[in-house]
Amino acid sequence: MPQSNGNHGTANVVADWTAAWADEAAANFSRMARLPFLWQRAQNVVKGATPSEVVYEEDRIKLLHYMSDTPVAYKTPVLFVFALVNRPYILDLKRGRSVVEHFVNSGFDTYLLDWGVPTDADRFLTLEDHINGYLMNVVEHVCERTGSSDVNVLGYCMGGTMSAMFTSLHQDLVRNLIMLAAGIDFGSRDGLLQLWTDSSVFDVDRFVKVHGNCPPWFLQNAFLMLKPVQNLIEKPINLYEKVTDPDFVDDYLTMEGWLNDNIPVPGEVFREFVKYLYQQNRLAKGTMPLGKHQVNLKNVTCPVLNLMATKDDLVPCSQSAAFNQLVGSTDKQTIELKAGHIGLAVGSRAQKELWPQACQWIAARSEPVA
Amino acid sequence: MNETFNPSQKFLEFWADVAAKVAAAGAAGNGSTPPMQAARDVRGAVFDAMSQYADQFMRSPQFLEFARHSLDGSLQFREQANDFLTKLRHELQGVAKQDVESVLAAVHQMERRVMDRLDAIEKKLSGLGGNTARTTERAAPASARTRNAPRNRK
């Protein structure tokens, strides 16, 4: 007697699931065999993709110049300014995931400011020391070295905030400004960091008095806790399930290597950033003190490109978007990408869509070499 | 920030949300969805719900209060440890971290005064129609320069 459709369908489902579980068990054996080699692979991760040379050093900072066979097509060089909380090689992470590579291959003379690793001796350095001191010296050196009267600046995250302040005080030195997930207006309560750094929760003066420089483990754990389920549960599970994919493992280990490569933040810089920006939102209000000066973003009049990530938990769009309204520039553009804070730089979509667009934008506003 | 965060209510809401998301994930699949993919979709739905509630909890007044107390406690412990170590080093006639920081602060202060004076002199010279070189607002901190070479330019 033929079986009914229902019993036949159920039997198929049971058979399918049984087969799937058997396949999964076999796959697990294969995955577990790969696990012991992960540690060794992690030690062999190469940091940085584009050849570079150190062309300027001052105290702990280094200025990297990227070298390429592509001839320089534009007179105005590009200077990358990263944050003080992580190492800057995220901008040149690996081949195919490098922002620097795009600019170098587009014919720009490309430089990157590596802030170095602060020691206890740097405890009292302020934002002004970094912006009007180190950054100013680097920009002057790049201008002197290239023969250009100004530079194109690309600031990422806290580096973007610092680049905006620098540009407002020294507009004549900046030809074009690209802001990449840079926090400017900290007035909203979108991001968890804004809640956690509120003056009723976080006594930054006491923290800096006790610790001096902000220790790297403090910020690393804070960033982890922004997305605890993704970072502590989903990511390891994802790694385990794809451990047999060598490209995935290489990307994962490279990225995790950078994420865990946090550095201390000079104490006074940390105090000023938390107090004046996160707690008092002074930059957006036009009352941000920088030494003897007061930063007014209206003094930024160069062309501005504001790049934002819509799924950014560290610097929500609401923190970055206000920049275009606060500057005095007439040529200003915004590009939003569906990506996270780091994905905006090294994600696949950013590499394919965003960075070619950004290079075209800056090329259209740069003087070509005669 | 949540005005109130009722833990038991949120607990029930969380599990109801998980059940709803799991059901939705299951319904979204069709007969041709591979079994393991269906299982991963359900797992993803659970993690989404967990993530959402974790975010809500970390915005709640209870969590912020806990964070404040936790940080205050660790800072207090660290302060006491620092004070103890400073006293111990002083008793042994040694140098404590606090002493080094005082010296660094003094050097930084001195550097600022020198740079302010240099800025004032440069402005006077510019006013006299002297050097037309670009005015630098402030040079890098002198206290941190390398001893062997003032600037190592390549």
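## Chain A at a glance

Of the 370 residues of chain A, 43% count as buried, where buried means that 20 or more other C-beta atoms, placed from the backbone, lie within 10 Å of a residue's own. This is a predicted model, in which local features need pLDDT of at least 70 and side-chain atom pairs count only at pLDDT 80 or more, while totals for chains, interfaces and linings use all residues. Residues are numbered from 1 along each chain as its sequence is written, and chains are lettered from A and ligands numbered from 1 in the order in which they are written.

Take the contacts in chain A with a separation of 6 or more: 80% of them join residues 24 or more positions apart. Here, a contact means that the C-beta atoms of two residues, placed from the backbone, lie within 7 Å.

## Strands side by side

Let's look at some strands of chain A. Strand E1 (residues 52-58) and strand E2 (residues 61-66) of chain A pair in the antiparallel sense over six bridges; pairing asks for at least two bridges found by DSSP. A:Glu58 stands opposite A:Ile61 in E2(A). The hairpin of E1(A) and E2(A) has two residues between the strands, and A:Asp59 takes a positive phi near 55 degrees there.

E2(A) also pairs with strand E6 (residues 110-114) of chain A, in the antiparallel sense and over four bridges. In that pairing, A:Leu63 has A:Leu113 in E6(A) as its bridge partner.

## An enclosed helix

Now for a helix of chain A. Helix H5 (residues 158-169) of chain A has 12 residues and reaches 17 Å from its first C-alpha to its last, close to the 16 Å expected at 1.5 Å a residue; that expected span is 1.5 Å times one less than the number of residues. Because 12 of the 12 residues of H5(A) are buried, this helix is largely enclosed by the rest of the structure. Among the buried residues are A:Gly159, A:Gly160, A:Met162 and A:Phe166.

Chain B has four helices and one strand, following the pattern α-α-α-α-β along the sequence. Of its 154 residues, 6% count as buried. For contacts in chain B with a separation of 6 or more, residues 24 or more positions apart account for 54%.

## Where the chains touch

The contact takes 40 residues from chain A and 35 residues from chain B. On the chain B side, the largest share, eight residues, comes from H3(B). By class, this side has 18 nonpolar, six polar and 11 charged residues. Asp, Glu, Lys and Arg count as charged, Ala, Val, Leu, Ile, Met, Phe, Trp, Tyr, Cys and Pro as nonpolar, and the others, Gly among them, as polar.

Two packed helices are described by the angle between their axes and the distance between the axes. Helix H7 (residues 204-211) of chain A and H3(B) pack at an angle of about 35 degrees, with their axes 10 Å apart. The axes are lines fitted to C-alpha atoms, for helices over the stretch in contact, and angles run from 0 to 180 degrees between N-to-C directions. In this pair, A:Arg206, A:Phe207 and A:Val210 meet B:Leu75, B:Arg78, B:Glu79 and B:Asn82.
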